[in-house]
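Keep the view open beside you as you read.

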Amino acid sequence: MTSRQGERSVSATDGGLAPDAGFAQHLAAPEGPQTLTPGQAAPVGPDVPLRMVTAEGRHGPVRIRIYGESAAQAGPAGPGLVWLHGGGFVSGGLDMPESDYLARVLADAGTPVLSVEYRLARDGVCFPVPHDDALTAWFWARRNAADLGLEPDLLCLGGAGAGGNLAVGAGLYLVDAGKPLPAKLLLAYPFLHAELPPPAQGLDEDMMARLPRHLRFTLEDCVRNAENYVGGPVGMASSYAMPGYADPSGLPPTAIVACEYDDVRGSSELFAANLQRARVPVSYFLAEGAVHGHLNHAAGSPEAQPALDFLARELASAKTPAP
């Protein structure tokens, strides 16, 4: 994917905000959160079976949309994926391309996807509510895996952006609580640190300067994002809320998609390095020419296909976790 292709994939309206508005400004504006995820209408993807279920959680019902059906009738039960969309904790939903199109593609490739409608950090909602919703969905999937034709020990957990944060935070909780772990974590450009570590090879500043402002994640943006989710200063954040700072020992094998033109790329690189030091197997894929959120902005295009192929391969290779 070329830098020119990456540029074409990020056009969006500004929803009435100034063209140079960043995450902090979008979050503060009443209309802002809805504009953080441009292209909400899902692109046409593979036609797969869909159904909606509800899991009862600590904070009320959590809706889960199930994509695809298990092929267990023709053989042994296989893997499934519990998926959490992105959107900075304040926007996004089941119909955004990063969620709907991705789930259709992976389900069509043979792995059912359970997409989670967790509560957003808006109108007084903050951690641990989205975190608890993610765990509610995970536990529901484990309990009901056999009825879905899935092998419980082959269930994977993942998410994009803020959803990647929720997936890792849930994984850390499961480690600490001694609960069954996902067979694998699958993360797309996860938001794991409030302070941005610099990417190892730097960023192409000319290209970054050409991106729409709402796709840039400055230090102010990331701190504001984290404070809104945590519900206070970043220093009071639980390791489940900002999991990039936690010891990742004990987490399951992890696959990470990072983006070339992404201020947050250094966070993925640092997390991958920490996983390696903790002897957690890591698969790392750099989406060349891609911007943060490209699975949403470029879903259905050739630009997004390599990352989707990577995730599909990682799902297909999921193995039962060691005891």
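## A guided tour

Of the 323 residues in the protein, 57% are buried. Please bear in mind along the way that this is a predicted model. The secondary structure comprises 11 helices and 8 strands. If you count contacts between residues at least 6 apart in sequence, 77% of them join residues at least 24 apart.

Let's begin with a pair of helices. Find α5 (129-144) and then helix α6, which covers residues 162-177. Their axes lie 9 Å apart, and the two helices pack at an angle of about 70 degrees. Angles from 65 to 115 degrees count as roughly perpendicular, and α5 and α6 are therefore described that way relative to each other. The crossing of α5 past α6 is right-handed. On the α5 side, the contact is made by P130, H131, A134, L135, W138 and F139, while α6 brings L166, G169, A170, Y173 and L174. Sorted by class, the residues of this contact between α5 and α6 are 9 nonpolar and 2 polar, with no charged ones.

Now compare a second pair, helix α4 (residues 100-108) and helix α11 (residues 305-316). At what angle do the axes of α4 and α11 cross? They cross at roughly 50 degrees and come within 10 Å. That angle makes α4 oblique to α11. Here, too, the crossing is right-handed as α4 passes α11. Y101, L102, V105 and L106 of α4 meet L308, L311, A312 and L315 of α11. The contact of α4 with α11 has 8 nonpolar residues, and neither polar nor charged residues take part.

P128 sits in the loop between β4 (113-117) and α5. The peptide bond that joins F127 and P128 is cis, with omega about 15 degrees. You will find A241 in the loop between α8 (219-230) and β7 (254-261). Is A241 buried or exposed? With a relative accessibility of 0%, A241 counts as buried. As for Y229, 12 residues separate it from A241 in sequence, and the C-alpha atoms of the two are 7.9 Å apart in space.

R58 belongs to the loop between β1 (50-57) and β2 (60-67). R58 has a relative accessible area of 71% and is exposed. Setting aside its neighbours within four places in sequence, R58 is in contact with D132 and T136.

Next, turn to helix α9, residues 265-277, where S267 is located. S267 is buried, with a relative accessible area of 1%. Apart from neighbours within four places in sequence, the residues in contact with S267 are P190, L192, H193 and P197.

Y189 lies in the loop between β6 (185-188) and α7 (205-209). Phi of Y189 is positive, near 35 degrees, in a residue that is not glycine. Y189 counts as buried, at 1% relative accessibility. R279, in the loop between α9 and β8 (282-291), likewise is not glycine and has a positive phi, near 65 degrees. Its relative accessibility, however, is 78%, and R279 counts as exposed.

Conventions
Residues are numbered from 1 along each chain as its sequence is written. This is a predicted model: local features need pLDDT of at least 70, side-chain atom pairs count only at pLDDT 80 or more; totals for chains, interfaces and linings use all residues. Side-chain values use heavy atoms; hydrogens and water are left out. Axes are lines fitted to C-alpha atoms, for helices over the stretch in contact, and angles run from 0 to 180 degrees between N-to-C directions. Helices (H or I, at least four residues) and strands (E, at least two) are DSSP runs, numbered from the N terminus. Angles under 35 degrees count as roughly parallel, over 145 as roughly antiparallel, 65 to 115 as roughly perpendicular and the rest as oblique. A crossing is left-handed if the near helix is turned anticlockwise from the far one by less than a right angle, and right-handed if clockwise. Contact means heavy atoms within 4.5 Å. Ala, Val, Leu, Ile, Met, Phe, Trp, Tyr, Cys and Pro count as nonpolar, Asp, Glu, Lys and Arg as charged, and the others, Gly among them, as polar. Buried means under 20% relative accessible area, exposed over 50%, partly exposed in between (1.4 Å probe, protein chains only).
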